[in-house]
Amino acid sequence: MQPAALLDLLIQNGIAMQQQVYARNAYLCHAGTMATDIYYIEEGSVQVYVTDQDEEQIIRFGYAGNIIVALDAFLTGQPTSFYMQAIKKTKVHIIRKEAFMQWVYSDIAYTQLWARLMEDLVVQQMEREIDLLTTAPKTRYERVLARSPQLFQQIPNKYIASYLRMSPETLSRLKKS
């Protein structure tokens, strides 16, 4: 199920949601906080990152039509290790974990949908791990381009380069070749 269809389903079922607009560079959540909200991005874009010795390591992006969540906090109930920051002005629908999980367990079809969403997320995470373990920048670039071509229309190159663990100049050369 596409995220927009899931959002429509949640709205139809009266799941409490609020809309919020985040300015460019504003944080949706900070590492060390209890961040269990689910965000459906209506417009704009978000980077999800961790810090390593004061250096940002981007691990995920969200843009229009995506759902993002600090999955570690969502699943464990512990503070998150992630920062989620708007790359540009971003409008989101915020879905509270408690309301969402109550809805998930209210019907077997919703529980099965939740299982499929989690399976998709695990596959995405495995793809990301392969990207990180692939040493050749060209291969990393080609894998991400094949998997998420829309990323290159939604996210500025400097962020994509960081995500791919390469310099912006290397990314520029790869895009031209």
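This is a predicted model: local features need pLDDT of at least 70, side-chain atom pairs count only at pLDDT 80 or more; totals for chains, interfaces and linings use all residues.

User: Which residues of helix α1 are buried, and on how wide an arc do they lie?

Analyst: Helix α1 spans residues 3-12, and its buried residues include L6, L7, L9 and L10. They share one side of α1, because the arc they cover around the axis is only 160°.

User: What covers the buried residues of α1?

Analyst: The cover includes both strands and helices. Among the helices are α3 (97-104) and α4 (108-133). The strands include β1 (17-22), β3 (38-52), β5 (67-69) and β6.

User: Which residue with a positive phi follows α1?

Analyst: The phi in question is near 70°. The residue that follows α1 with this value is G14.

User: How many bridges join β3 to β6, and which residue of β6 stands opposite I41?

Analyst: β3 and β6 run antiparallel and are joined by ten bridges. Within this pairing, the residue of β6 opposite I41 is V92.

User: In what sense do β3 and β5 pair, and what is the bridge partner of Y40?

Analyst: Three bridges connect β3 with β5, and the sense is antiparallel. Y40 has its bridge partner in β5, namely I67.

User: How many bridges join β3 to β4, and which residue in the turn of their hairpin has a positive phi?

Analyst: The two strands run antiparallel, with eight bridges between them. V50 is bridged to Q57 of β4. Two residues separate β3 from β4 in the hairpin, and the turn residue with a positive phi, about 50°, is Q53.

User: Is T90 buried or exposed, and which backbone oxygen lies 3.0 Å from its side chain?

Analyst: T90 belongs to strand β6, residues 83-95. Its relative accessibility is 1%, so T90 counts as buried. Residues in contact with T90 include Q20, V21, Y22, I41, E43 and S45. The oxygen found 3.0 Å from a polar atom of the T90 side chain is the backbone oxygen of S45.

User: Where does T80 lie, and which side chain is joined to that of T80 by a polar contact?

Analyst: T80 sits in the loop between α2 (71-76) and β6. T80 is buried, because its relative accessibility is 3%. A polar atom of the T80 side chain is 3.0 Å from the backbone nitrogen of F82. The side chain that makes a polar contact of 2.7 Å with the T80 side chain is that of D72.

User: Which residues does T80 contact beyond four places in sequence?

Analyst: Neighbours within four places are left aside here. The contacts of T80 are then C29, H30, A31, G32, T33, A35, A70, D72 and A73.

User: Which element gives the most residues to the largest nonpolar core?

Analyst: This core has 18 residues, and those touching the most other members are F61, L151, F152, I155, I160, L164 and L171. At least two residues each come from β4 (55-63), α5 (137-147), α6 (151-154), α7 (157-163) and α8 (168-176). With four residues, the element that gives the most is α7.

User: What does L164 touch beyond four places in sequence, and how many residues are in the other core?

Analyst: L164 touches R140, Y141, V144 and L171. Another core lies apart from the largest one; I95, W103, W114 and M118 are among its members, and its residue count is 16.

Terms used:
Residues are numbered from 1 along each chain as its sequence is written. Side-chain values use heavy atoms; hydrogens and water are left out. Buried means under 20% relative accessible area, exposed over 50%, partly exposed in between (1.4 Å probe, protein chains only). A polar contact is a pair of N or O atoms within 3.5 Å; within protein, one must be able to donate a hydrogen and the other to accept it, and residues adjacent in sequence count only if both atoms are side-chain atoms. Contact means heavy atoms within 4.5 Å. A nonpolar core is a set of buried Ala, Val, Leu, Ile, Met, Phe, Trp, Tyr and Cys residues joined through side-chain atoms within 4.5 Å. The arc is that of the directions from the helix axis to the C-beta atoms. Two strands pair if DSSP finds at least two bridges between them.
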